[in-house]
Amino acid sequence: MIVSGARRFRTFAWVGAIAVAAGLAAYLARPAGRAAVDVRRSSFRTTPDGVAAFARGLERFGRATAPRLTPLADADPVPGALVLLSPAVVPSPAEVQAVLERVRRGGTLVYAPQLFPAISSTLRITPLMDSLGIAFRVPRPGDLEQPEWAAHSLTDSLPAPLAPRRALRRTTARELGEGTRSVPPLQTLLTVGESEGPRWTGAGLMPFGEGRIIVLSDAEALSNGRVADDPLALVVMRAVLTHTTPADTIFFAEFHQGIRGYESTARRWAGFIFGTPQGRTLLQLLLAAFVALACAGLRFGAPTTAVAPPDVERRSPLEHVSALGDLYEKARARRTAALLLLARLARGVRRPPPRDVAEARALIRELEARRGEQPALARIRRGLRTDPVDLTMVAAGIDDHLGRRAES
């Protein structure tokens with residue numbers, strides 16, 4: 001039993017050592033943090049390019065916000081208030097139709113187109129831009145100078161505006177194509193351009209059915225790095241608060257920022273273990289260590305056959321006892337051997353064999369209570385008290401006690 005306990009302790013010690021080594025290796029091989037070099041107008045991001053501060057500002061004014069992680073078509077219903085800022089994933093024509101139908105029935109959309117430079121001098125017009133009749137203005141010297149607020153209730157009592165990085169224009173009849181398709185009117189809120197030349201749109205408001213569309217030429221005004229200093233962010237917030245109610249939830253289109261869902265800690269670890277060279281190497285080393293540990297403690301069959309072959313001479317009982325005694329002697333398990341010897345006394349009084357020295361002494365006291373004090377039992381007690389246990393004295397005491405009992 002002592003040997004078994006020591007072996008079990010060594011096994012647990014090895015398991016603990018491997019676990020500690022694995023944790024240290026995982027910590028040292030963990031993927032390094034990467035800076036967000038791409039620009040995403042996401043409410044999840046607290047970096048300067050994100051719009052988390054704008055979302056929290058809406059919440060402080062009593063408007064609940066939430067991310068939308070699904071497309072705008074063939075998924076959840078389109079919400080009544082939606083923020084779509086410089087989408088990395090361009091909404092499809094089916095999504096555009098669903099969004100405009102929702103706005104027409106009384107919804108609100110905050111929209112800043114994504115700038116997709118084309119190979120030629122023209123700029124790409126997305127399906128939503130085409131439906132709204134807007135396009136980017138290729139900037140020329142003086143086009144983005146002298147920003148001014150247009151006369152509107154949303155721009156009252158605001159400080160001077162900051163110049164946007166780009167401007168919008170209305171699409172021409174040739175760009176709209178043939179037919180009688182009409183586009184919603186545009187109420188300008190911010191204009192830029194030379195004092196004597198044409199003025200271009202930096203921000204505007206589009207009445208669309210029973211709803212409204214707030215159009216921005218550039219979403220940078222709502223970014224974390226600029227929202228506190230750009231008065232245009234106040235204009236957008238005023239417009240959202242005016243055209244929504246406290247019962248509405250304002251959804252940020254995170255799906256179109258390239259975000260498909262929440263990433264749990266377990267998924268990040270699985271991605272590290274199975275998706276990186278360092279993780280796969282660590283996994284293979286752990287598997288090899290546990291296989292080696294299992295093989296070291298695994299017994300491959302019994303040491304001798306259950307039935308002796310007919311051509312092999314069987315050992316006599318005396319040889320068997322002698323070999324067993326040698327094993328106990330080499331293992332220094334004298335206490336275990338003494339407890340096994342005392343099983344003969346326990347059977348005599350119909351008691352279970354003692355499992356430790358305390359139970360052995362209790363067995364001797366019970367025998368003395370039944371038959372009185374005897375020299376044989378005292379000899380057994382002295383043999384158990386010695387260190388190491390005197391097996392000869394214990395065995396002689398047992399034989400003497402059982403012999404006197406047989407004579408009586």
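This is a predicted model: local features need pLDDT of at least 70, side-chain atom pairs count only at pLDDT 80 or more; totals for chains, interfaces and linings use all residues.

Trainee: Okay. How many helices and strands are in the chain?

Mentor: The chain has 14 helices and 10 strands. Of its 408 residues, 35% are buried.

Trainee: Let's pick a helix. Which residues of α3 are buried?

Mentor: Glu95, Val96, Val99, Leu100 and Val103 are the buried ones in α3. Looking down the axis of α3, you'd find them within an arc of 125 degrees, so they line one face of the helix.

Trainee: What do those buried residues pack against?

Mentor: Several elements: the strands β2 (81-85), β3 (108-112), β8 (200-208) and β9 (211-216), plus the helix α4 (127-132).

Trainee: How far does α3 reach from end to end?

Mentor: α3 covers residues 93-104, and from first C-alpha to last it reaches 16 Å, close to the expected 16 Å. Just after α3 comes Gly106, with a positive phi of about 115 degrees.

Trainee: Which residues other than glycine have a positive phi?

Mentor: Gln146 is one of them, at about 50 degrees, and Ser157 is another, with phi near 60 degrees. Most residues other than glycine have a negative phi.

Trainee: Where do Gln146 and Ser157 sit?

Mentor: In loops. Gln146 is between β4 (134-137) and β5 (148-149), while Ser157 is between β5 and β6 (167-170).

Trainee: Buried or exposed, those two?

Mentor: Ser157 counts as exposed, at 75% relative accessibility. Gln146 has 39%, so it counts as partly exposed.

Trainee: Next on my list is Thr191. What does Thr191 touch?

Mentor: Leaving out residues up to four places away in sequence, Thr191 touches Gln146, Pro147, Glu148, Arg199, Trp200 and Gly202. With Arg199 there is a side-chain to side-chain polar contact of 3.1 Å.

Trainee: Where is Thr191, and why does Thr191 count as buried?

Mentor: Thr191 is in strand β7, residues 187-192. Its relative accessibility is 13%, and the cut-off for buried is under 20%.

Trainee: Switching topic: how many aromatic pairs does the structure hold?

Mentor: It holds 1. Phe54 and Phe252 pair edge-to-face, with 6.4 Å centre to centre and 80 degrees between the planes.

Trainee: Which parts does the pair tie together?

Mentor: Phe54 is in helix α2 (residues 52-60) and Phe252 in strand β10 (residues 249-253), so the pair links parts 198 residues apart in sequence. Both Phe54 and Phe252 are buried.

Trainee: Last one, α6. Which residues there are buried?

Mentor: Pro231, Leu232, Ala233, Val235, Val236, Met237, Ala239 and Val240.

Trainee: And what happens at the start of α6?

Mentor: A side-chain oxygen of Asp230 comes to within 3.0 Å of the backbone nitrogen of Leu232.

Trainee: What about the span of α6?

Mentor: The end C-alpha atoms of α6 (residues 231-242) are 17 Å apart, which agrees with the 16 Å its 12 residues should span at 1.5 Å a residue.

Key: Residues are numbered from 1 along each chain as its sequence is written. Side-chain values use heavy atoms; hydrogens and water are left out. Helices (H or I, at least four residues) and strands (E, at least two) are DSSP runs, numbered from the N terminus. The expected span of a helix is 1.5 Å times one less than its number of residues. Buried means under 20% relative accessible area, exposed over 50%, partly exposed in between (1.4 Å probe, protein chains only). The arc is that of the directions from the helix axis to the C-beta atoms. Contact means heavy atoms within 4.5 Å. A polar contact is a pair of N or O atoms within 3.5 Å; within protein, one must be able to donate a hydrogen and the other to accept it, and residues adjacent in sequence count only if both atoms are side-chain atoms. Rings of Phe, Tyr and Trp (its six-membered ring) pair if their centres lie within 6.5 Å; planes under 30 degrees apart count as stacked, over 60 as edge-to-face and the rest as tilted.
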